[in-house]
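Have a look at this one with me. I'll ask how we know what we say about the strands and pockets, and then answer.

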Amino acid sequence: MGFQKLVRYEYDGSVHYGDLLESSDAGFKVAKLAGNLADGFSTTGAEPVRVMKLLCPLDRTPLVQCIGVNYRQHADEAKMPLPTYPVIFSKPSDTLAGPHDDIPIHTDAQPMMDFEGELTVIIGRDAKDVSEAEALDYVLGYTAGNDVSARNFQLKDAAGGQFGYSKSFDAFAPIGPAIWSAESVRDPQTLQLTTRVNGEVRQTTNTNDMIWSVRQIIAHLSRGRTLRSGTVIMTGTPSGVGFFQKRFLQHGDVVEVEIEGLGKVANKMVFS
């Protein structure tokens, strides 16, 4: 696809795709790319530039597909049996947010705000009836994500056991900072995930604890249905979420989700 670390950024009043070359306190050094998700990317030969902020690496998505109860340790803390099939729910495209954006929290969503750090997969081309063996061939790349959750709208009496509404407020799916190419991630089942709240570690687990691997998830989601290019798949969260610790997010809290080798998102919760 012509990139290693795909980012979006604003420069000289326009938004561009680029390849992330360097991150530091002085900002982000990026090389401008030509192209798009549909046609692929190529280098432009333009001189790299330095910017202070990265945008969401996707300008849009047809759908955010999410997997629930996909870590053994998380199933244990939730006292839930291992599912026969992956637990699936969706978030709309307006949930996408950038890696450093503030997350606005509606008044009605504030009582039980929570985080879910997740390895996030981006589909690179339309996929239907894909086998596990070929599933990773359809991956554009990988990134870090936070499945932000308003737990009060996830409780049984509020949602009838459904997850979607509680996780579908605008900007409830920050991802980034870049999309690391599929070729640069040799095995998505050997990555270390860490979530911090105001610097305190709340989740730390390897993706080898997943019940359903990335291969299995893609095969399941594409069974008889088309996964469109640009689909975002949040692959589930490990143990340590606030709900089971009775420690919910407050105004001003900063949630960092880091995937070893793939950078991190760091988003402030802003109660309206």
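Q: What makes valine 257 the bridge partner of threonine 195 in E18?
A: Strands are DSSP runs of at least two residues, numbered from the N terminus, and two of them pair if DSSP finds at least two bridges between them. E15 and strand E18 (residues 254–259) have five bridges and pair in the antiparallel sense, and one of the pairs facing each other is threonine 195 with valine 257. This is a predicted model, where local features need pLDDT of at least 70, side-chain atom pairs count only at pLDDT 80 or more, and totals for chains, interfaces and linings use all residues. Residues are numbered from 1 along each chain as its sequence is written, and side-chain values use heavy atoms, with hydrogens and water left out.

Q: How do you know that E15 and E16 pair?
A: Six bridges join strand E15 (residues 192–197) to E16, in the antiparallel sense. Glutamine 192, for one, sits opposite asparagine 206 in E16. The hairpin of E15 and E16 has two residues between the strands, and asparagine 198 takes a positive phi near 50° there.

Q: What is the order of the five strands in the open sheet?
A: They go E9-E19-E18-E15-E16, with mixed pairing. Strand E9 (103–105) and strand E16 (200–206) each have a single partner strand, so one side of each has no neighbour in the sheet, and that puts them at the edges.

Q: How do E9 and strand E19 run where three bridges join them?
A: E9 and strand E19 (residues 264–271) run parallel. Isoleucine 103 faces methionine 269 in E19.

Q: Which residues lie nearest the centre of the largest pocket?
A: Met80, Arg151, Gln154, Phe163 and Phe244 do, out of 20 lining residues. A pocket is an open set of points on a 1 Å grid over the protein atoms alone, where a 1.4 Å probe fits, with protein on both sides within 12 Å along at least five of seven lines; lining residues have an atom within 4 Å of a point. The space in the largest pocket comes to about 360 Å³.

Q: Which residues line the second largest pocket?
A: Among them are Tyr17, Asn36, Asp59, Arg60 and Ser229. This pocket holds about 170 Å³ of space.

Q: Where does UniProt place the domain "Fumarylacetoacetase-like C-terminal"?
A: The unreviewed entry puts it at residues 65–269. That span is 11% helix and 34% strand, and its end C-alpha atoms lie 23 Å apart.

Terms used. UniProt positions are given in the numbering used here, feature names are shortened, and annotations may be inferred rather than shown by experiment. Helices (H or I, at least four residues) and strands (E, at least two) are DSSP runs, numbered from the N terminus. Grid points are joined across faces, edges and corners, and a volume is the space filled by probe spheres set on the points.
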